[in-house]
Amino acid sequence: MQFIVNIHRIFTYLLAAIPIIPQQWVTYLIAIWGVLSLFLLDFKKTDDKKYFWGMLLASPFFLLLIQAWVSQNKTDWFAVEKAHSFWVFPLCILFLKKIVPSIHLLLFHRILAYSMAALAVATSIYFLLFGFKITAIEQHDFIFRYRNEINQLIHIHPTYLSLMAVYSILFLFYAYPNFSKSINHLHIVIAIILFFFTYFLAARLVWIAGAASWVMMIFLNKQLSIVWKVVTMITLLALLGGMFSVNPRTAEFVSFKKDQTASNSLKVRTVISKCAISLIPIALPLGFGPTETQKKLNECYGNDLVFKNHAYNTHNQYLDYLLSLGLPGFLFLILILIAGLIVAWKYHNLLFLSFLVLSSIIMLGENILNRQSGVVFFCLFYSIFIRQHLLQEDEKLID
């Protein structure tokens, strides 16, 4: 049993290194870790809170499963496949036996932060040595090309890379008092690397969400003096303003141009939002399912070339669940976020709180739970935080 526990622990920490693991291997890594977990699970009738959290987090998966069963559409079944993290991580983390050592949160987060920094450095060296490969987009600016090239190279969308990078920066700031001076010097270097990485990834909503999470963390941190809070706030606002003022994607986004090729202008986003909102009355109460939702969106977009070249989703997780999974999906998503926020606020868990604020804001502009990298990140860290919370409650009951 101890051998399985040790191997399971190694694979658990490997999950934190998912950014640098080839994406085609991630499913196999999770599968091996899940099989090992089966030998270490313990289901007790008295664990009502574990069942509550497990079923709550798994609810989107079961709703997608029902939709796919009804529609029998291959694409809907593909959505079910990508959603396995909704039940795998809660099951295999929340119900682990107490003999299994608790996940060391600081170590787990450090592995994520170091992995993201290693990825940023490695991809930069790769581009310096070999240049950009996609000649079809040579007419675009450097930032546009960088985002597309890195997406093609590692098969993780820039928004999801930015999400993990910004969260890692938040962790390094949060955990600063827990490390020695020499390690913190290393962490400052890593934070700078990740900052520039997020700039070139240019996921603007992630910048805003990260800033909001950082502001919240600063003001709720009782260890910081008023002076440090003010200085940090001014520095943060200056950095954010500078990023927006010099990044070419800012001009692209605020433009109402009728772009026929690419496509992230405010005009395009406005059309997407109007179409998604107009479909809500038809979708309620149970939703269309993922495939039918995309079909109806495409029909609503019209004949503009930009929409013919790209099949745009809702770019809003809340709207996506409302259209795809109806009121049940929307309400379960809200409940997942609110329940986590209540726990994080009640127990003053600033890292969990920042994770939820960051995720909740990004969901306003991205369907992060519709891609494997997004749902794996969200469900993995959410489950770990809840397990830590339940273990702490158990210790209080024993005391």
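Contact here means that heavy atoms lie within 4.5 Å. Welcome to a predicted model, in which local features need pLDDT of at least 70 and side-chain atom pairs count only at pLDDT 80 or more, while totals for chains, interfaces and linings use all residues. Residues are numbered from 1 along each chain as its sequence is written, and side-chain values use heavy atoms, with hydrogens and water left out.

**View 1. Helix α1 packs against helix α2.** Helices are DSSP runs (H or I, at least four residues), numbered from the N terminus. From α1 (residues 2-15), the residues I4, I7, H8, F11, T12, L14 and L15 meet L29, I30, I32, W33, L36 and S37 of α2. Two packed helices are described by the angle between their axes and the distance between the axes. For α1 and α2, the angle is about 145 degrees and the axes are 9 Å apart. Axes are lines fitted to C-alpha atoms, for helices over the stretch in contact, and angles run from 0 to 180 degrees between N-to-C directions. The crossing of α1 and α2 is left-handed; this term applies if the near helix is turned anticlockwise from the far one by less than a right angle.

View 2. Spanning residues 23-38, α2 has 16 residues and reaches 24 Å from its first C-alpha to its last, close to the 22 Å expected at 1.5 Å a residue. That expected span is 1.5 Å times one less than the number of residues. Which residues of α2 are buried? They are Q23, V26, L29, I30, W33, G34, L36 and S37. Buried means under 20% relative accessible area, exposed over 50%, and partly exposed in between (1.4 Å probe, protein chains only).

**View 3. Helix α2 also packs against helix α5.** Here α5 covers residues 85-94, and α2 and α5 pack at an angle of about 35 degrees with their axes 10 Å apart. This crossing, too, is left-handed. Its contact is made by I30, W33, G34 and S37 of α2 together with V88, F89, C92 and I93 of α5.

**View 4. One disulfide joins C275 to C300**. A disulfide is a pair of cysteine sulfur atoms within 2.5 Å, and the S to S distance of C275 and C300 is 2.2 Å. The link is left-handed, with -85 degrees about the S-S bond. It connects distant parts of the chain: C275 is in helix α13 (residues 266-283) and C300 in helix α14 (residues 290-301), 25 residues apart. C275 is buried at 4% relative accessible area, whereas C300 is partly exposed at 32%. Look also for C92, which is in no disulfide; its nearest cysteine sulfur, that of C379, is 12 Å away. C92 is buried, with a relative accessible area of 3%.

**View 5. M217 is buried in helix α10**. This helix covers residues 204-220. Why does M217 count as buried? Because its relative accessibility is 0%. Leaving aside neighbours within four places in sequence, M217 is in contact with L170, F173, Y174, L350 and S354. M217 and F173 are 44 residues apart in sequence and 9.2 Å apart in space, C-alpha to C-alpha.

Notes:
Helices (H or I, at least four residues) and strands (E, at least two) are DSSP runs, numbered from the N terminus.
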